[in-house]
Amino acid sequence: MSAAAAACIASSGPALAKTLVVRSAGPSSKAYPPGKALPDSARISLQPGDSVTILAPGSKRTLRGPGTFPAGSGNASELASAASKRTRFGAMRTGDLALNPSPWNLDVTQSGTMCVGSAGSLKMWRPNSEEAGTLSISAGEGPATKVAWPAGKPTVDWPTALKIADGTEYRLALSDGTSAGSVKFAVMAAIPDDVTDAAQSLIQRGCQNQLDVLVDGIDGGE
């Protein structure tokens with residue numbers, strides 16, 4: 001989370017606290033669908049087999065039924081302290097498998113809808129960057145645009161010659177045979193600094209791959 005967002009949490013007080021459901025499974029999933037916003041005072045009632053993951057400023061929690069749980073978790077100063085211990089949301093996670101370090105990178109090995117801001121450049125990311133490769137980007141019946149991908153570089157810039165507009169769709173293929181099928185862009189006026197606002201924007205636009213990176217990159221209770 002950005003320093004500005006953390007400062008906002010610290011100064012705003014409980015009135016601005018918000019909790020967002022980002023994942024749900026089980027019998028109560030219809031009552032708590034992804035994207036559902038809850039007041040800080042809400043109680044979440046779960047049945048056996050239920051699992052609900054919620055985001056609040058500075059925290060992530062996964063609740064498992066049966067039981068009734070408070071949506072809020074701590075006061076504003078505690079949440080701001082938790083936020084300050086992390087870098088901007090989506091920080092690199094650890095593990096044997098290379099993982100996308102940011103939800104705002106386009107993972108060229110996955111297809112789906114990609115949310116982007118209206119300003120700024122787009123980074124493309126691949127999990128295997130040990131060898132040099134070439135990415136082909138095509139749309140319609142026209143010739144593909146070739147992007148050289150040097151060895152050892154996990155990210156490269158999206159070609160400036162290719163237009164990114166709301167609803168535009170491109171097919172992607174790496175020279176090693178990896179193909180993401182296609183990516184469709186959903187353009188936002190700006191990328192939110194607040195983690196719950198960002199998650200809600202991704203859910204609303206169907207940017208599931210990015211939501212997964214965002215949620216998995218935040219420390220939280222399981």
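Predicted model: local features only at pLDDT ≥ 70, side-chain atom pairs only at ≥ 80, totals over all residues.
1. S129 itself sits in the loop that runs between β9 (123-125) and β10 (133-138).

2. Burial of S129. Is S129 buried or exposed? Its relative accessibility is 17%, and buried means under 20%, so S129 counts as buried. A loop position such as that of S129 can therefore be read as buried here.

3. Strand β10 has six residues, and five of them are buried, so β10 is largely enclosed by the rest of the structure.

4. Pairing with β11. Which way do β10 and β11 (residues 145-149) run relative to each other? The two strands pair in the antiparallel sense, over five bridges.

5. Pairing with β13. How many bridges join β10 to β13 (residues 169-174)? There are four, and these two strands also run antiparallel. Here S136 of the pairing stands opposite A173 in β13.

6. A cis peptide bond. Elsewhere in the chain, G65 and P66 are joined by a cis peptide bond, with omega at about 5°. P66 belongs to the loop between β5 (59-64) and β6 (67-70).

How values were computed: Residues numbered from 1 in each chain as written. Heavy atoms only, no water. Buried < 20%, exposed > 50% of the residue type's maximum accessible area, 1.4 Å probe, protein only. Pairing = 2+ DSSP bridges.
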